[in-house]
Amino acid sequence: MSLICRRIDAGAPIHRPELVDSPSPISLLPNLGRFPGVRGPIVLRSVLPGRIWQPESPGRCLSFIVRDRRAAWRIGSRGDGAEPEAAEEEEEERLCEKKKRNGKVAAAAAVTVVLGVGNRVLYKLALVPLKHYPFFLAQLATLGYVMVYFSILHFRYHAGIVTDEMLSMPKTKYLAVGLLEALAAASGMAAGAILSGASIPILSQTFLVWQLLLSIIFLGRRYRFNQLLGCSLVAIGVIITVASGSGAGQSLKEAGFFWTLLMIISFMFQAADTVLKEIIFLDAAQKLKGGSMDLFVVNSYGSAFQALFICLLLPFLSKLWGVPFNQLPNYLKDGAACFLNIGSLSSGCDGAPLLPLLFVLVNMAFNISLLHLLKISSAVVSCLATTFSVPLSVYVFTLPLPYIGIASSLPAGFVMGVTILVIGMLLYTWTPPDGTTTSTVALS
C-alpha cells in the first residue's frame, strides 16, 4: 500500500510529494480553499493498474502517478485541455512502448513457430531424394548459410543499415559461436547415430534447462516461480506428446548412458551458443551507444567460423555418417548428382532439387527469425518458441504429405501433451500483479 502526503499552504509553491507506506482505501482530502467546488474526500481509481490514479468525481482535481516511490501530480479540470506533467507522459509512453514490444515479441514468436514446423517437415521431405546423402545435405546447408548471409550483409552495408562500428566489433565472440555450433553438430551427430529417433526429441528438452541455467549464470537473470513451472510443463508436455507409444524409454536404456549424456551435452553447446549471441547483442547495445547490432553481422560471422570448424572436423564427421574420409570426394560428387537430379545416379532422387532447396531456404529463414526473436526478447523465449513447434510438427506428419507415403498416426498422448504444453506457455507468459493496486492518498 502507498500514501502520498502533501501539505498545501495558501499561496505556497507545490512540490513533488513523497511516497510512504499506508493502508487503503484511496482518498484525497482536498484543501477546500484551493480547490473550490470539491467537498469531502475524492475517491481515486487506477486507470493503469497500480500506476496512474485519477479522480472518480468530476471537477478540478489532482491526479497522481505512483512510480519508483515517487508521485507526479497535475492540477486541471477534465476536458479543459490541460497538459499532464512530464512524469505522467513518460509513464504512459513507457506502458505504450511495453505493449508494442510485447506485440512484436508475440508476432516474432508466431513466425518462428511456423518456420520451425516448416523446417522440421521440409528436412524430412528433403531426405526423401537425398536419403543416401544426408551428410551432403548438411554441408550444402552450411555452405549456403555463408554465401547467402554474407551477400545480404554486403547489401545491408551499402544501404547504410550495417555500419563500420558494427563490423569493427571484436570477432572473438563470433569465433566462440562458430566453435559451439560445430561442437553441437559433431556431438549431436555422434549420439544421433546411436540413439533412436523417438528418444532425441525427449532429450532435446534439456536444451530448455540449459538455457535457464546459463542465462542465470552468465546474464544474471532471475526467474519467477510461474516461469520456472511453465518451462517445466512445456518440457513435460513435449515429452508426453512425442514419447507416448514410441518405446523411447526402452531405446534410451538400450543405447547406454554415454550416448545419452553426449546428446545432452550437444544441447548444452546449443544453449551456450544462443546465450552467447544474446550477450553479443547486449554488449553491442552498450558499445554502439544505444544502437543495436544487426543480426546479419552475427549470423554471417558465426556461420563463417562454424564452416571453418566443420571443415577441420570433416574426417571425424564423415566417419560418423558412415563415409570413409578417403571416399569423401566421390560421396560429395554423387550427392551433387542426386541433388541436381542428373546423370545415372538420379534414379530414386525424385523431388530434387526442389525439396532440398526448399529446406535450405526455410532453414535459413527459420534461423534468421530465431535470432531476431532472441534479439528482441531472450534466449529462453526463443527456446520456448522452438519447443512449441515440436508437437505441431508431429501433427503435420499425420497429414497426407507428398513423397512420404503413408502418414504417421497421432500419438496416444498427443492431446494431453499439447494441453500441458499450452498451460506451461501461458504460465510462463503470465505476469502476476505487483502487489495490491490500492493506495491511500491524503492531503493535509
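Colleague: Valine 323, buried or exposed?
Modeller: Valine 323 is buried, at 7% relative accessibility. Buried means under 20% relative accessible area, exposed means over 50%, and partly exposed is in between, with a 1.4 Å probe and protein chains only. This is a predicted model: local features need pLDDT of at least 70, side-chain atom pairs count only at pLDDT 80 or more, and totals for chains, interfaces and linings use all residues. Residues are numbered from 1 along each chain as its sequence is written, and side-chain values use heavy atoms, with hydrogens and water left out.

Colleague: Where is valine 323 found?
Modeller: In the loop between α11 (314-320) and α12 (328-340). Helices are DSSP runs (H or I, at least four residues), numbered from the N terminus.

Colleague: What does valine 323 touch?
Modeller: Ser318, Leu328 and Tyr331, leaving out residues up to four places away in sequence. Contact means heavy atoms within 4.5 Å.

Colleague: And how far is valine 323 from phenylalanine 135 in space?
Modeller: They are 8.8 Å apart, C-alpha to C-alpha. In sequence, valine 323 and phenylalanine 135 are 188 residues apart.

Colleague: Let's do α12. Which of its residues are buried?
Modeller: Leu328, Tyr331, Gly335, Ala337, Cys338 and Phe339. The cover over these buried residues of α12 includes α2, α11 and α13.

Colleague: What span does α12 reach?
Modeller: 18 Å from its first C-alpha to its last, with 13 residues. That is close to the expected 18 Å. The expected span is 1.5 Å times one less than the number of residues.

Colleague: What follows α12?
Modeller: Asparagine 341, with a positive phi near 60 degrees.

Colleague: Switching to charges. How many salt bridges are there?
Modeller: The count comes to 5 salt bridges. The rule is a side-chain nitrogen of Lys or Arg within 4 Å of a carboxyl oxygen of Asp or Glu.

Colleague: What does aspartate 294 pair with?
Modeller: Arginine 156, and their closest N and O atoms are 2.6 Å apart. Aspartate 294 sits in the loop between α9 (257-287) and α10 (295-312) and arginine 156 in helix α2 (residues 134-158), so the pair ties together parts 138 residues apart in sequence. Aspartate 294 is buried at 5% relative accessible area, while arginine 156 is partly exposed at 24%.

Colleague: What about lysine 173?
Modeller: Lysine 173 meets aspartate 283 in a salt bridge, 3.5 Å from N to O. Lysine 173 is in helix α4 (residues 172-192) and aspartate 283 in helix α9, so this pair ties together parts 110 residues apart in sequence. Lysine 173 is partly exposed, at 32% relative accessible area. Aspartate 283 is partly exposed too, at 24%.

Colleague: And which residue does glutamate 278 meet?
Modeller: Arginine 221, at 2.5 Å from N to O. Glutamate 278 is in helix α9, and arginine 221 is in the loop between α6 (206-219) and α7 (225-243), 57 residues apart. Glutamate 278 is buried, with a relative accessible area of 3%. Arginine 221 counts as partly exposed, at 24%.

Colleague: Which residues form a network of salt bridges?
Modeller: Glu181, Asp273 and Lys277 are linked that way.

Colleague: Where's serine 377?
Modeller: In the loop between α13 (354-376) and α14 (379-396). Serine 377 is buried, at 15% relative accessible area. A polar atom of its side chain lies 2.4 Å from the backbone oxygen of leucine 373. Beyond neighbours within four places in sequence, serine 377 is in contact with Arg101, Val105 and Glu278.

Colleague: Now the largest nonpolar core. Which members touch the most others?
Modeller: Tyr174, Met293, Val297, Val380 and Leu384, out of 89 residues. α9 gives the most to this core, with 11 residues. A nonpolar core is a set of buried Ala, Val, Leu, Ile, Met, Phe, Trp, Tyr and Cys residues joined through side-chain atoms within 4.5 Å.

Colleague: Last topic, confidence. What pLDDT does the chain average?
Modeller: 77, and 73% of the residues score at least 70. pLDDT is the predictor's confidence in each residue, from 0 to 100. Over residues 1-85 the pLDDT is below 50. Residues 434-444 stay under 50 as well.

Colleague: Why the caution there?
Modeller: Because where pLDDT is low, the predicted coordinates should not be read in detail.

Definitions and conventions:
Helix = DSSP H or I, 4+ residues; strand = E, 2+ residues; numbered from the N terminus. Polar contact = N/O pair within 3.5 Å; in protein donor to acceptor, adjacent residues only side chain to side chain.
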